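Here's a quick tour for anyone opening this one up for the first time. Take a look at the model below, then read on.

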Amino acid sequence: MAPREEKPWAPFFARAQAMPTAPVKSSLRQDNAARPCPKTRAIPMAALLDKAKQQYNRGDYKIALATLRRLIQQDRRNADAHILTATIHEQQDNRELAADFYASAMPLTANLKREVGFRAASHYLASGRSDRAFSVLLTLHGFFPDDPAVNHSICSILREASRYHEAAPFAVKLVSVGNGFENALNAGIVLSGLGRSEEAYPVLLKAQKERPDERLAVSELFWCASNLCDFPVADAMQAKLEAAYAVEGDKADIRENAFCALTWSANEAYHLAVARRTAEVMFPQVAARKAGLPDVRGRPIRIGYLSCDFFDHATMALFAGVLETHDRSRFEIHGFCHTPEKARQGVMRERFLKSVDRYTDILDLTDDQAAEAIAKSNIDILIDLKGFTQGNRLGIFCRRPAPVQVTYLGFPGSVAGVGIDYALTDSVVTPETSVPYYAESLLRLPASYQCNDASREAVVRSGDRAGHGLPDGVVVFCSFNQAQKIRSAVFAAWMRILSAVEGSVLWLVDHPAPVRENLRAAARTAGVDPDRLVFARQKPLTEHLRRVAEADIALDTAPYNGHTTTSDALWAGVPVITWKGTSFAGRVSESLLSAVGLPELVAEDLNGFVRLAVELAQDGNRRFRLRQTLIEVRSTAPLFDTVALTRAIEAHFETIVRDS
């Protein structure tokens, strides 16, 4: 989720401020017409209420509250008494008490439900009680399901809490009932954050057109267009961002999150600035670091891995072997898991559960509760496997439940501002020039930072290209990267390669229909027959690896390289062509190619990348030799030596403990 400046309560906070607070007229607060009241009690109750109003208007708040308490004790369903009590607490700046009484008045009043509901929600939010604000708004939604402001406010609270799936129905409703910039932007952000880019796109486009230079609208439309490979709009929004940041310098108004920044910018200084901004907006202040580690002599070092990706996910495809290979005589491995319930199945899930010594489910725990559970486990080193990616729980790290906290594998950049002490990297992805742009101390691993699972199937070509929709007798290029990594300049380079290699095809992930249509249109514009783009249907990882072997050459992306995508291709015997990058995300393929002994497949720049790909496509003998080399080094290359990499990680952990 992108950092937001605006607060989710702004729409109804304005309404709360607009509500009258003094003096109170008898007719303004009398709202008991819909409540049957025995005649014997009507006169004394009305008299008490009038007395309280008179006391309030004189400024005798304490006496008025006493009168109202007496009234409410006798008639708990008197809406006017609750509203006046709330008003007095509001005047005294007792915001949470004011919210309580506005909330209790909401189901009692016939005509002021919306006003008191919004007012209760605003005071709860101002008191840090977003849970109660959300509850009030849900109740209000029951009365006004089609009200744009109600849907907007619920959508905002859930969005700010990263509860996008819960926000979805309110965002969809907002698209149909809401008008104006704020409603469009709010709904579009939620839909885009859920990966529903096709639905989000027209909504975000509408918002940006209404306020062309509003930074959040530009950032969100840019991200959505990038996910749809709508190159003209993505390029236009990127140009707006770059121009604005160039003018603003160190005071840039950054409204995107740290992960988004990696996909389009290769500037490490900007990455660090966005990371810090993301941490500042999204997470609490970092607690003080604990003084030193406890004495570990005579016992294994306790290592805790924390992630939501402990299932059939790209992270586990790389990391499962490390978990299984840890030396249990020296390390005790804890798994702190917040994997969604529906994903807790499959082979990788079973491997995870079997490879940890202690398992703790933190899915339903708050960050405070999870931090407490981790602290009670007496973890020595806690490792984050997510960074600033969707589903992270970096708020736990801000609370510093472990003496030492490390980030690894999940995020190719600095995880700044959330209490991370060290990052596991290598000398290619983070050379010495990168050090100023990392908040963490760098622990460089030999060869490549990336772990791989040497136990996976040693796939070979089947020769059945037709079964995958591929033509025989031509060069098959592939790039199984996600849509947002495909920048317009990269796609243009791919088209130059296809134009130069007669009959060749480009094999891509089977993206959603709008993405396929945009890519085909871009190919046509570049003078390439769109039918030369072949889209591969989704398959389980093992089946996918088998089919990757049918490709001849893998083409990389930048400024965010293929990561797992690159190592998958190399494991399948497919040479990967890349070019030198200027950030962690853009140097990964160079790191992986170096770790299999093929640094010559790294071009100096994008033009060199095109030349290298064309030359290799026209040299069948060289392609054959490269394929054979990659197949042979599966058992020898550092990239695929799970045991050696695990020992290197452990050595760093032991050094940390010794030095602490």
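Let's start with helix α27, which spans residues 620-632. Its 13 residues reach 18 Å from the first C-alpha to the last, close to the 18 Å expected at 1.5 Å a residue. Keep in mind that this is a predicted model.

**Helix α27, side by side**

- Four names to look for on α27 are Arg623, Leu626, Arg627 and Leu630, the buried residues of this helix.
- What covers them? The cover includes β11 (553-555), α24 (564-571) and α26 (606-617).
- Turn to the face pointing away from the buried side of α27, and you'll find the exposed residues Asn621, Phe624, Arg625 and Glu632.

**The open sheet**

- Seven strands make up an open sheet with parallel pairing, and their order is β3-β2-β1-β4-β5-β6-β7.
- The edges belong to β3 (358-361) and β7 (441-445); each has a single partner strand, so one side of each is left without a neighbour in the sheet.
- On average, neighbouring strands of this sheet are turned by 25° against each other, ignoring direction.

**A closer look at one pair**

- In general, strands of a sheet pair through backbone hydrogen bonds, either parallel or antiparallel.
- Strand β5 (residues 404-407) pairs with strand β6 (residues 422-426) in the parallel sense, over two bridges.
- To find your way around here, look for Val406, which stands opposite Tyr422 in β6.

Definitions and conventions:
Residues are numbered from 1 along each chain as its sequence is written. This is a predicted model: local features need pLDDT of at least 70, side-chain atom pairs count only at pLDDT 80 or more; totals for chains, interfaces and linings use all residues. Side-chain values use heavy atoms; hydrogens and water are left out. Two strands pair if DSSP finds at least two bridges between them. Axes are lines fitted to C-alpha atoms, for helices over the stretch in contact, and angles run from 0 to 180 degrees between N-to-C directions. The expected span of a helix is 1.5 Å times one less than its number of residues. Buried means under 20% relative accessible area, exposed over 50%, partly exposed in between (1.4 Å probe, protein chains only). Contact means heavy atoms within 4.5 Å.
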